[in-house]
Amino acid sequence: MNTPQPVAQRSGPPGPEIVGPRVSRWAAASGLAAVGAGVAAGELAAGLLSPSVSPVTAVGGAVIDAVPPGVKEWAISLFGTADKLALLTGMGLAIAVLAAVAGVLELRRRFAGAAVVAVFGLAGLAAVLGRPEADGAAVPAPLLAAAVAVVLLRWLIGALRDWRTTAGETRGATAPERALEPETPPETLPAALPSPDTGKEPATRRRFLRSFSITAGVAALGGVLAGTLRGATAAVTGYRSTLALPAPASAAPLVPAGADQQLPGQGPLVTPADDFYRIDTALRVPVVDPRTWKLTVTGMVDRPVELDFQALLAKPLIERHITIACVSNEVGGDLIGNARWLGWPVRELLAQAGPQQGADMVLSRSVDGWTAGSPLEALTDNRDAILAIGMNGAPLPLEHGFPVRLVVPGLYGYVSATKWLTELKVTRFAADEGYWTPRGWSERGPIKTSSRIDVPRAGRKVPAGTVTFGGVAWAQHRGIRAVEVRVNRGDWKAAELAPGISADTWRQWRLALPLGPGSYEVQVRATDATGAVQVEAQAPVAPDGATGYHTVTVDVTS
Ligand SMILES: Nc1nc2c(c(=O)[nH]1)N[C@H]1C(S)=C(S)[C@@H](COP(=O)(O)O)O[C@H]1N2
Ligand SMILES: [Mo]
């Protein structure tokens with residue numbers, strides 16, 4: 001194929017687009033570089049935004065889920081414990097072939113290769129969304145990967161085309177292929193063929209080669225960065241998956257029968273970690289290695305304390321159901337969840353340190369610098385404020401603060417629930433403030449007595465007859481005494497309260513009402529165990545939590 005061909009005649013622009021082996025090879029290489037840079041960008045974005053769901057691992061997971069059990073067993077018997085590596089290698093080869101084909105297609109026909117890349121990008125997005133751990137943070141990575149690959153592919157192939165065209169203009173239809181050879185035979189050098197276009201070809205050639213080097217460099221650098229990030233994450237997720245949580249010295253009180261009334265359409269009493277709301281300022285989920293993690297107690301204490309993860313595991317742990325809520329939760333909103341937390345009471349640690357006279361606040365700090373200011377009293381009184389390592393029987397998910405977070409009954413998350421915890425500074429409200437306080441949120445954030453209607457869903461049509469309303473009510477650490485419902489602003493009717501787990505958790509309620517056809521406005525309100533009734537006046541979430549009655553419209557049909 002290196003046989004020199006006579007430069008006999010010119011085809012003249014815009015001659016037939018003959019795709020010779022050389023130019024095809026450069027097109028395939030362009031596809032590899034562009035897709036490589038795209039995949040690297042996507043993996044990097046995933047490493048920062050959602051470490052547990054990267055596009056490549058998601059596609060791998062989808063492949064594993066899709067293959068029949070027989071094939072799976074065969075693969076395991078063939079590759080043994082290297083089956084994951086074999087899968088990744090196979091995927092790498094498949095992506096490489098696809099990338100090369102996309103490059104060649106794009107050269108033959110504008111947008112053809114880009115379309116192939118885009119389709120596979122969407123397939124990657126589908127795989128990501130199909131993962132149980134996926135949330136909104138997992139969406140940008142596959143889209144970014146596809147966008148980067150498409151843009152770079154179009155750019156490179158455009159430059160390759162320019163080079164081919166100028167080479168063709170200069171030296172005839174067969175020249176481009178030879179022109180693409182690094183070592184062009186002397187007799188075909190442009191200098192041997194004086195023409196007005198002589199200067200053109202080296203310029204387009206240089207431009208393509210420069211674009212190609214930049215793309216390949218981006219792919220390589222991005223690949224190395226993504227790989228490093230991924231390695232660090234894998235080390236921590238690996239540790240997490242093999243971590244056996246100790247049994248609690250004090251187990252969670254049994255959930256009373258009927259506490260989860262299981263009304264159709266209502267969420268469960270204990271929120272699965274995958275469905276638990278997530279709120280934080282972390283653009284990149286901190287990946288904290290428990291083997292190097294430590295917690296320090298500093299500030300106004302008699303004895304500064306340092307605690308590592310092994311020491312924490314060895315403490316007498318308690319396990320408790322605690323409902324946590326976000327101050328940004330609107331009336332009727334879902335920024336609230338109830339989990340079974342395992343950990344060591346914060347008061348035990350603070351007792352070791354010995355808070356000094358005059359201290360009234362604990363500023364808890366995350367590894368990423370975020371802080372919460374909690375009243376010292378809430379962390380030292382007899383409530384179960386916990387240095388949590390477990391959530392619903394498993395180690396904390398990375399997104400929920402692995403390896404250690406704070407959970408404090410009765411306080412909104414922004415003043416208490418520090419994830420990726422690393423420091424407790426005993427201080428004074430007059431001397432320090434948590435992250436959100438200078439940003440328009442109150443220095444103190446006790447949770448307000450609240451209630452929500454979950455079923456029937458707002459705006460739903462239901463058949464006439466007995467309509468069962470149901471929902472949750474919460475007033476953490478005070479407890480719920482009563483829930484009432486009213487229709488069209490009529491008299492309040494007492495709802496039936498399901499048994500509660502503790503004063504620190506939400507409580508489910510229900511009320512069956514006979515309703516004929518029509519449209520109804522239904523409202524709910526709770527009374528806490530101190531006798532205080534939920535506030536009716538509407539207030540926005542800032543600065544210290546929303547108030548008002550959750551109000552839904554229900555259409556009853558005949
Ligand atoms: N490190 C860190 N911890 C944090 C936050 C944060 O931004 N950074 N947000 C807090 C807020 S406002 C809430 S409501 C809870 C939410 O906890 P979750 O994401 O586990 O539901 O975490 C708290 N802990
Ligand atoms: Mo929050």
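These are my notebook entries on a predicted model of a protein chain with a ligand.

**Entry: the whole chain**

I started with the overall dimensions. Along its principal axes, the C-alpha trace spans about 100 × 70 × 55 Å. Next I looked up the radius of gyration, which is 32 Å for this chain, while a compact globule of 558 residues would come out near 24 Å. I also checked burial: 47% of the 558 residues are buried. For secondary structure, I noted 11 helices and 19 strands in the chain.

**Entry: ligand 1**

Which residues are closest to ligand 1? I found Tyr277, Thr281, His400, Arg405 and Lys419, out of 18 residues that surround the ligand. Sorting that shell by class gave me eight nonpolar, five polar and five charged residues.

Isoleucine 279 puts a backbone N or O atom 3.0 Å from an oxygen atom of ligand 1. Threonine 281 also uses a backbone N or O atom, 2.8 Å from an oxygen atom of the ligand. With serine 366 it is the side chain: one of its N or O atoms sits 3.1 Å from a nitrogen atom of ligand 1. Taken alone, ligand 1 exposes 530 Å², and the protein buries 99% of that.

On to the strands. A quick reminder to myself: strands of a sheet pair through backbone hydrogen bonds, either parallel or antiparallel. I traced an open sheet of four strands in the order β11-β13-β17-β16, with antiparallel pairing. Why do β11 and β16 each have one side without a neighbour in the sheet? Because β11 (450-455) and β16 (496-497) stand at the edges, each with a single partner strand.

I followed β16 to its partner. Two bridges join β16 to β17 (residues 507-515), and the two run antiparallel. Here I found glutamate 496 opposite arginine 510 in β17.

My last stop was β12. Three bridges join β12 to β19 (residues 550-557), and these strands run parallel. Proline 463 has threonine 557 in β19 as its bridge partner.

Definitions and conventions:
Residues numbered from 1 in each chain as written. Chains lettered and ligands numbered in written order. Predicted model: local features only at pLDDT ≥ 70, side-chain atom pairs only at ≥ 80, totals over all residues. Heavy atoms only, no water. Near = heavy atom within 4 Å. Polar contact = N/O pair within 3.5 Å; in protein donor to acceptor, adjacent residues only side chain to side chain. Areas by Shrake-Rupley, 256 points an atom, 1.4 Å probe, with all protein chains shown as cover. Nonpolar A, V, L, I, M, F, W, Y, C, P; charged D, E, K, R; others polar. Pairing = 2+ DSSP bridges. Rg over C-alpha atoms; globule rule 2.2 N^0.38 Å. Buried < 20%, exposed > 50% of the residue type's maximum accessible area, 1.4 Å probe, protein only.
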